[in-house]
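Reader: Could you walk me through a few features of this model, with the cut-offs spelled out?
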Amino acid sequence: MNTFVRWLGYLFVIFIAAPLLVVVPMSFSTSSSLEFPPPGLSLQYYEKFFSDPAWLRPAWNSILIASATTILTMILVIPATFALVRHRFWGKGIANLMMMMPLAVPHIVMAVGYYSYFGELRLVHTHLGVILAHTCLSVPITFLVLSANLKGFDRTLEQAARSLGASPRRVFLHITLPILRPGLMISALFAFIQSFDETVVAIFISGRGAETLPRKMFDSIRQEADPVIAVVSTLLFVAVILGLLAPQIVKAVQSALGRSARNASE
Amino acid sequence: MSSYLQLSGINKTYGNFTALENVDLEVEKGEFVTFLGPSGSGKTTTLMLIAGFATPTRGTIDIEGASLAGLDPQDRNIGIVFQNYALFPHKTAAENVYFPLQMRDVKRLEGMRRADEMLDLVGLAGFSHRYPKELSGGQQQRVALARALVFEPDLLLLDEPLGALDKNLREQMQIEIKRIQKKLGVTTIFVTHDQTEAMSMSDRICVFSNGKIEQLGKPLDIYHRPKTKFVADFIGESNLIPARITDAANCKAQSNVLGDVTYGTQSGTELRDGQEVSLVIRPEHLKLSSKRLADRMSAGIEIETIVNYGDNALVIGTSESQQIRVRVPGADVVILNEGDKCFISWTQDDVFVVTD
Amino acid sequence: MMRRMTRLVDHQTIWPWLLLLPLAVYLLVFFAVPLIEVLKMSVTEPKPGLGNYQKVFTGALYGKVFLNTFGTATLVTVCCLIVGYPLAYLMSNTTPRRAMMILLLITMSFWTSFLVRTYAWMVLLGNNGPIIWLIEMIGIADPPGLLFTRFSSTLAMVHILAPYMIMNIYSVMKKIDPVLIRSAESMGARGGSLFRHIYLPLTAPGIANGAVLVFVICLGFYVTPVLLGSPREQMVAGLIGNQIEQFLAFGLGSAMAVVLLVITLIVLGIYHSRFGLDKLWG
């Protein structure tokens with residue numbers, strides 16, 4: 001029983017891993033069709049990606065839109081999270097629910113709404129329209145990450161700072177903000193990824209004017225399954241790996257720097 | 001009016017819950033006063049009111065005759081050591097200590113120098129550049145102390161600062177805190193629920209229970225002359241024996257368990273004839289013997305349990321279904337057996353009366 | 001003066017609402033209004049009335065699509081459970097190093113855009129792909145196409161959503177004290193009975209969480225079914241997209257969107273009343 005379940009587990013590990021393994025070799029393929037394993041290796045599709053505005057423009061749009069979405073989301077969510085975590089007030093339950101609603105509504109439903117609403121506001125096919133929509137969709141995940149961090153924040157640190165002579169404003173700047181910085185960075189990263197990966201709403205409202213990378217990928221897969229898609233996938237995949245390994249890399253660099261600094265001081 | 005810190009008529013209520021009721025307290029300059037009591041007794045609430053993190057519902061707090069009312073915590077110039085130390089994790093030990101100076105616009109160079117001096121004083125020379133997570137519990141404690149003292153506060157508040165340390169370290173820190181406090185002469189209020197800590201460190205102890213001050217006095221007075229049943233029970237071990245006053249003028253009472261008893265002269269509380277009270281006898285003041293002793297008052301008990309601690313032993317006996325605890329020297333315990341019938345004896349000065 | 005002002009505000013409930021206000025207004029304008037727009041269109045386009053809903057509930061095509069969506073979501077949820085449970089079990093009963101590697105793999109998969117993962121399945125299941133090649137190796141001469149079938153879209157959705165299930169089950173399973181298992185074994189619990197009496201009840205909250213998440217996401221899934229699924233067996237989200245993009249039937253599309261939304265909210269509502277929604281994504 002036990003061993004059976006284990007072997008089943010390993011089988012499913014392969015199931016999870018397999019799709020991640022085919023993407024990278026595909027990007028170096030010489031073939032123009034979905035042939036696996038690739039008949040030959042080349043960098044031709046990388047060249048194509050990095051020289052084709054039809055791919056570069058959406059990539060740039062996505063970075064732009066995700067960055068703006070992140071900033072707007074953080075500006076809106078940070079104060080709201082402080083209110084919801086640190087205060088008790090009438091209507092708090094409803095406010096909490098309100099923060100989570102964008103996660104509960106299927107994106108296709110929102111896409112229909114934005115398509116029509118932003119059409120009236122002349123925001124369809126504009127960067128601004130996508131940013132405004134993405135900000136709504138990024139609110140819940142950003143709030144979840146940030147509120148978890150804020151809940152874990154030891155408020156006696158603020159009391160201590162007050163007793164040591166800091167005004168509330170200085171407590172916030174010198175104590176609260178620096179200690180929360182990692183949490184803020186992570187929640188910002190979540191907002192960025194949420195926007196960068198969002199596909200459905202972007203398909204409906206980004207149009208040609210503000211076409212995002214996921215939309216371009218979607219169209220490409222649907223129409224011709226252009227092998228450049230494998231290049232994009234590989235690049236995104238490498239970004240994810242770098243992102244996941246970033247903490248280890250930072251730690252390694254820090255300890256290396258620390259060692260050399262210590263050596264220098266001795 | 002001449003006292004340094006004065007709390008008068010402090011009340012604090014949260015909705016229907018009364019956290020503090022009519023607390024009056026005067027502390028002299030340079031004094032070390034301990035707030036002792038179980039959790040929820042109001043000692044920490046009082047501390048928070050002095051620190052300015054809460055406002056009293058009624059009553060005033062003055063330092064050197066000037067009211068603290070309306071002053072924000074940052075304007076009170078009071079140093080606090082929190083239970084969990086509350087060291088800023090993103091600042092080194094020295095930066096933590098420099099923080100209050102920074103808030104008082106002391107230049108970094110000068111401030112860091114003073115911080116280092118202070119770390120030196122608390123025995124942490126050489127640890128300036130460590131971050132809190134790189135320090136042991138005891139070291140963190142010292143940094144917190146240095147930080148609370150570096151700006152020469154008018155008052156030092158310590159909120160159960162030793163609770164998280166193990167026993168040996170705790171004793172070491174008790175001595176250390178006392179040394180530094182004496183050296184700097186800072187008026188100190190120390191909150192704890194540990195009576196031995198209170199006994200060993202304080203000039204005076206203020207015992208809290210249910211939002212009220214039960215008794216305020218020197219440690220030995222509190223130990224030897226508790227005024228209430230609560231204090232007698234909370235501080236040290238006690239045998240509390242119900243009794244009735246028969247002749248208040250001549251210090252006589254009558255109890256089912258001990259018979260007729262003459263108690264030590266009482267100061268403070270007025271007793272009436274016929275009043276129901278409790279007699280208190282400390283276990284170490286009782287003597288065990290096989291016969292009645294002529295020069296001492298005595299009563300018979302049957303030994304139920306003997307618990308050995310090596311240097312001493314606790315003998316628990318019963319008389320009239322009341323448990324009596326007796327401390328005997330370790331060497332004496334060998335001749336005792338559970339089930340033995342013997343006598344406990346005491347003198348007049350060993351017995352005192354408390355009311356509820 | 002300033003201090004008195006902040007004091008006054010602080011003591012009432014105005015201050016938290018002031019902090020919330022920008023976001024509340026924002027969500028009202030850019031979230032609630034578009035949602036209401038959908039509701040409005042469903043009863044006004046092309047003409048006022050409940051005609052669209054009548055079509056959705058009586059038209060054979062629409063009923064079939066909703067049923068198909070439900071069936072697929074259920075199937076995907078069950079498959080995710082079948083994949084997720086042994087994986088979570090493996091992770092909590094292997095060396096920390098190996099568990100870490102598997103966890104890393106799953107996190108990697110989770111963070112990889114599902115467009116990328118959908119594309120990967122197109123490669124794997126394609127006519128020139130490794131799986132068809134394998135089938136031919138076994139000796140089946142002319143294997144049926146795997147791509148653009150219900151099978152391919154279901155498989156890809158299971159792969160995409162399984163991490164939700166795995167992480168939820170794993171988070172409760174790793175908290176099970178091994179002493180508990182050993183003591184149950186010492187009392188004679190083996191295999192099936194150990195699973196039934198110890199593992200299942202203790203991991204039930206994780207299963208419930210994972211299942212609700214997977215089911216709800218699957219109900220409204222657009223990208224993968226559209227790209228990998230059979231055009232003849234659409235799911236609701238794809239059909240809504242069709243109505244809007246191809247037929248410009250805003251009213252009908254909106255009505256289906258509303259029905260999808262209501263079903264989603266009912267599922268979440270049931271979950272909320274039993275466990276509390278805040279636990280779902282926590």
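Author: Happy to, starting with a helix in chain C: Val25(C) sits in helix H2 (residues 14–44) of chain C, where helices are DSSP runs (H or I, at least four residues) numbered from the N terminus. This is a predicted model, so local features need pLDDT of at least 70, side-chain atom pairs need 80 or more, and totals for chains, interfaces and linings use all residues. Residues are numbered from 1 along each chain as written, chains are lettered from A and ligands numbered from 1 in written order, and side-chain values use heavy atoms, without hydrogens and water.

Reader: Is Val25(C) buried, partly exposed or exposed?
Author: Buried means under 20% relative accessible area, exposed over 50%, and partly exposed in between (1.4 Å probe, protein chains only). Val25(C) has 43%, so the label is partly exposed.

Reader: Which residue of chain B forms a salt bridge with Arg170(A)?
Author: A salt bridge here is a side-chain nitrogen of Lys or Arg within 4 Å of a carboxyl oxygen of Asp or Glu. The N to O distance for this pair is 3.8 Å. The pair crosses between chains, from helix H8 of chain A to the loop between helix H2 (93–103) and helix H3 (108–121) of chain B.

Reader: Is Glu176(B) buried or exposed?
Author: Glu176(B) pairs with Arg179(B) in a salt bridge, with the closest N and O atoms 2.8 Å apart. Both lie in helix H5 (residues 167–184) of chain B, three residues apart. Glu176(B) has 15% relative accessibility, so Glu176(B) counts as buried.

Key
Helices (H or I, at least four residues) and strands (E, at least two) are DSSP runs, numbered from the N terminus.
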